[in-house]
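Please consider the structure shown here.

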Amino acid sequence: MKFCPECEVKLKKSSSGLQCSKCGYTEGQKIKQTKKVLDDQEPNKEFNVFEGNEGEESLPTIKIECEKCGNDEAVWWMLQTRSADEPTTQFYRCSKCKYTWRNYA
Ligand SMILES: [Zn+2]
Ligand SMILES: [Zn+2]
């Protein structure tokens, strides 16, 4: 006989497994697997944040080498992508060729 770890009530058999009639705890319940979808294949929609926008000039610059043209200066900004539980991503944009990439910190 199994007991609920929460309220120590005897678990009863239910369709989804052994279940506590008091709190609804179900033993052996499958944990929902949240599929981590790799979004690298998506079009770079985050990169268009400044399209038609003002403000790029006011962005801070950083000494970093552009892998496209070898220029050593880029503007950077932080962007919260999608859900709030994702880490903030840092973006760089080459001040010369406008190539934009992101920093996976
Ligand atoms: Zn319970
Ligand atoms: Zn560049």
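**From strands to a sheet**

The secondary structure of the protein chain amounts to zero helices and six strands, where helices (H or I, at least four residues) and strands (E, at least two) are DSSP runs numbered from the N terminus. In sequence order, the protein chain reads β-β-β-β-β-β. This is a predicted model, in which local features need pLDDT of at least 70 and side-chain atom pairs count only at pLDDT 80 or more, whereas totals for chains, interfaces and linings use all residues. Residues are numbered from 1 along each chain as its sequence is written, while chains are lettered from A and ligands numbered from 1 in the order in which they are written.

Four strands form an open sheet, with antiparallel pairing and the order S3-S4-S5-S6; two strands pair if DSSP finds at least two bridges between them. At the edges lie strand S3 (61-63) and strand S6 (100-103), each of which pairs on one side only.

Within this sheet, strand S5 (residues 89-94) is joined to S6 by four bridges, and the two run antiparallel. Tyrosine 92 has tryptophan 101 in S6 as its bridge partner.

Tyrosine 92 also lies 5.6 Å from valine 75, C-alpha to C-alpha, although the two are 17 residues apart in sequence. Valine 75 belongs to strand S4 (residues 73-79). Is valine 75 buried or exposed? Valine 75 counts as buried because it has 20 C-beta neighbours inside 10 Å; the cut-offs are 20 or more other C-beta atoms within 10 Å for buried, 12 or fewer for exposed, and partly exposed in between, with C-beta atoms placed from the backbone. Of the 105 residues in the protein chain, 10% are buried.
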